Amino acid sequence: MSKPKVLLTRKWPQAAEERAREQFNVHLNDDDHKMSVDELKTAMQNYDAVCPTVSDFLIDADILGVENRKCKILANFGVGFNNIDTDAAKAAGVVVTNTPGVLTDCTADIAMTLLLMVARRAGEGERLVRTKQWDGWRPTHMLSTKVTGKKLGFIGFGRIAQAVAHKAHHGFDMEISFYDPYPPPAEVIGKYNARQCDSVEEVLRNSDFVTLHCPGGGSNTNLLNAERLGMMQKHAFLINTARGDVVDEPALVKALKDGVIAGAGLDVFAREPKVTEDLLSMENVVLFPHLGSATTETRVAMGMCSLDNVEAFFNGEEPPNRVA
Ligand code: DGY
């Protein structure tokens, strides 16, 4: 039997590309350009499997609806799959998989990095040193907010959130509370001595730091709107490593400007890679270019996981990480 034809929409880490080359008749995106909608449509006609990423154009009914579609599986390189219209994929009979588990710790590390940086004014301090404006140690210089022992509230309490809770509770003695419509079992909650809240609002009102860990899109779009941001405490910080659209960005900018909240640490944005001038000009925000899973170890593992799904599918098995 000939090898399945597979397309990787972006450049992958070397080890994962090598495996793809050995196992499949693969097309690599050597110059790592963002594929146009037309290229994605053509890909649907030419490849048995397409492995897309979060930064691709949305794979929707229009792209899936091309004539003579050959593609049978979209093996997403990423745990979040809001870059794929799963309803349209289901309707077209195209299987969708993701890469859960392998990026949990690294994404949690980035959430902690943002939390620590924004609380301790680390970005601002680094800019001061680099611009040669630091004039020496003083008892009142760059006073910031203590992290250890503070209250950390979670919106969503899945794998990545639990890894953050582990680091924050056991490493920084933080008090954990969360809201999740599908809460984990009691023994998981017990590991972090976490308090389960009945609503998003309850978390917002009672936390010194709020960290977002829910999927993007659908009813979570603009979940953190002006009204909900107004429920946070004035001294509280917002951390987002989930998806940009979960936060109403103009409302966040206003809340930061008006002192409704103290600051924000953002790894994701509503219109990536665009970041608004307002956010760029604020000292009380820390801005990362979607770094959550960006370690070599994790990105290789994500590629392998995506390929495991493709392999299982063409072996006639149920792909391990099927989401649609
Ligand atoms: C993920 O895996 O969801 C990362 O945000 C990259 O897509």
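Buried means under 20% relative accessible area, exposed means over 50%, and partly exposed is anything in between (1.4 Å probe, protein chains only). Keep that in mind as you click around this predicted model, where local features need pLDDT of at least 70, side-chain atom pairs count only at pLDDT 80 or more, and totals for chains, interfaces and linings use all residues. Residues are numbered from 1 along each chain as its sequence is written, and side-chain values use heavy atoms, with hydrogens and water left out.

**Stop 1**

Select glutamate 202 and arginine 195. Their side chains meet in a salt bridge at 2.9 Å, N to O; the term asks for a side-chain nitrogen of Lys or Arg within 4 Å of a carboxyl oxygen of Asp or Glu. Glutamate 202 counts as partly exposed because its relative accessibility is 24%, and arginine 195 is partly exposed too, with 40%. Now pick Arg19, Asp308 and Glu311: salt bridges with shared partners join them into one network.

**Stop 2: bridges across the chain**

The structure holds 17 salt bridges. Helices (H or I, at least four residues) and strands (E, at least two) are DSSP runs, numbered from the N terminus. Is aspartate 48 buried or exposed? Aspartate 48 is buried, at 13% relative accessible area, whereas lysine 72 is partly exposed at 36%.

Next, show lysine 167 and aspartate 109, another salt bridge, with the closest N and O atoms 2.9 Å apart. Here helix 7 (residues 159-172) carries lysine 167 and helix 5 (residues 104-119) carries aspartate 109, 58 residues apart. Lysine 167 is partly exposed at 22%, and aspartate 109 is partly exposed at 34%.

**Stop 3: the core**

Hide the surface and select Ile155, Leu212, Leu224, Met232, Leu238 and Leu252. Those residues have the most contacts inside the largest nonpolar core, which has 30 residues. A nonpolar core is a set of buried Ala, Val, Leu, Ile, Met, Phe, Trp, Tyr and Cys residues joined through side-chain atoms within 4.5 Å. Which elements give two or more residues to this core? They are helix 9 (200-206), strand 9 (209-212), helix 11 (249-257) and strand 11 (263-266). Helix 11 gives the most, with 5 residues.

**Stop 4**

Most residues other than glycine have a negative phi, and most peptide bonds are trans. Lysine 132 sits in the loop between helix 6 (122-130) and strand 6 (151-155) and is exposed, at 77%. Methionine 142, in the loop between helix 6 and strand 6, also shows a positive phi, near 50°, and is partly exposed at 21%.

Then jump to glutamate 272 and proline 273, joined by a cis peptide bond with omega about 5°. Proline 273 is in the loop between strand 11 and helix 12 (277-280).

**Last stop: a loop proline**

Finish at proline 215, in the loop between strand 9 and helix 10 (226-229). Proline 215 is exposed, with 58% relative accessibility. Draw a distance from its C-alpha atom to that of valine 300, 85 residues apart along the chain, and you get 23 Å.
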